[in-house]
Amino acid sequence: MNLSFPILKNYTYLNTANSGLLSTNLAAWRNKHDEAFMAGGSIFRMENLPLIDELRNNISRIFGSKPENTFLVQNFSVGFNTLLSGLDKNHRFLLLEEEYPSVSYPVISMGFDYHIINIDENLEYNIIKAIDVFKPTIFAFSMVQYISGLRMDDDFIQKLKSTYPNLLLIGDGTQFLGTVDFNFEKSGLDALLGSGYKWLLGGYGNGYVFLSDQMKAAIYMKNKLAALPAAPFLKGKDHLSMCFEPGHLDSLNFGTLNESLNYLDAIGFDWIEKTNQTRCDKARLELSSRGLIPDWMLNRKYQSTIMSLPLEQKTVDKLAAAKILCSPRGTGTRISFHFYNTEEDLDKLLKVLDQS
């Protein structure tokens, strides 16, 4: 694994929640891409346009979204802001406390009515109560909370959708997609949006939007009444792709995501999920025994690959001195494990923590 990700030779990398790694094979592909662009100019660009549809079909197939309901965006924030801009302003949102700013800020700043739900051991009860009292039309949330690592319950999402079929469910998948074997059409979600630079190891400047038919019908209603442009180079674009994919899409950034998806798909997302869960389950037990993870988080059925530890600054400094990469988030220190992490990585972390 170190041969594919050279940084693993020099660091204990527990920081995929901050940035995924770029492999040597991807770096070589990117160099080849730019050399061909340099040599071919517009010829290269025209020859590489099919790559965009290849990625769309690839990511749709792997994660169970309809290709016609899948859009490619530069990152989560671009996709989410575009989605919000297409909604009627009378929608009422549920949000979670300490939510990722790119989820909460656009909702609030665009003037939507909203209600914030507390995150604690009664999270699912809090959500149901808020739905019954506040009567929201949309619930927007991160599939995995970026600070605490709390993962939304898959079964609960499906139950929400079946119980409240008119409630639109929007998930931020940036800290989620790439960690598990996932099927969008079966998830109960109406939208999943995310960036590809974390767990999908796709580098920066690429992201995705998956929409349900229900969500697709609910946005940009006025735009759908206008005639589409007749320019030949826009042939095949519909009203929503004109909104989510205006202008050019970069073959380097989206090609990088496509190459990474091919790599991860060859490994197998089922294997990645099992490997991640085995490593993270052991890490949680070890950290819980040291009083670093609350019991209610430990007892949740669905767990993420992210953990937040309440560490003193001197311990954080020791982690840095031991070349263990992690991130300060909220009031804690965030660690995260991906499939390229090993038992030795966990052992090294625990050794430093025990010394403190």
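## Second largest pocket

The second largest pocket holds about 490 Å³ of space. On a 1 Å grid over the protein atoms alone, a pocket is an open set of points where a 1.4 Å probe fits, with protein on both sides within 12 Å along at least five of seven lines, and lining residues have an atom within 4 Å of a point. Its volume is the space filled by probe spheres set on the points, which are joined across faces, edges and corners.

This is a predicted model, in which local features need pLDDT of at least 70 and side-chain atom pairs count only at pLDDT 80 or more, while totals for chains, interfaces and linings use all residues. Residues are numbered from 1 along each chain as its sequence is written, and side-chain values use heavy atoms, leaving out hydrogens and water.

The second largest pocket has 22 lining residues, and Glu98, Ile147, Ser148, Met297 and Ser308 lie nearest its centre. Helix H12 (295-298) and strand E9 (306-309) each supply at least two lining residues; E9 gives the most, with four. Helices (H or I, at least four residues) and strands (E, at least two) are DSSP runs numbered from the N terminus. The lining comprises 11 nonpolar, eight polar and three charged residues, where Ala, Val, Leu, Ile, Met, Phe, Trp, Tyr, Cys and Pro count as nonpolar, Asp, Glu, Lys and Arg as charged, and the others, Gly among them, as polar.

## Largest pocket

The volume of the largest pocket is about 590 Å³. Of its 23 lining residues, Ile52, Arg56, Phe233, Lys237 and Glu245 lie nearest the centre. By class, the lining has 10 nonpolar, five polar and eight charged residues.

Helix H3 (50-63), E2 and helix H9 (239-244) each contribute at least two residues to this lining. The most come from H3, with four residues.

## The sheet

Seven strands form an open sheet with mixed pairing, in the order E2-E8-E7-E6-E5-E3-E4. Strand E2 (70-73) and strand E4 (113-117) are at the edges with a single partner strand each, so one side of each has no neighbour in the sheet. Neighbouring strands are turned by 20 degrees against each other on average, direction ignored.

E4 pairs with strand E3 (residues 92-96) in the parallel sense over five bridges; pairing requires at least two bridges found by DSSP. Leucine 96 has isoleucine 117 in E4 as its bridge partner.

## Helix H7 on the sheet

Helix H7 (residues 154-163) lies across strand E5 (138-142) and strand E6 (168-172), and runs at about 155 degrees to E6. Contact means heavy atoms within 4.5 Å. Axes are lines fitted to C-alpha atoms, for helices over the stretch in contact, with angles from 0 to 180 degrees between N-to-C directions.
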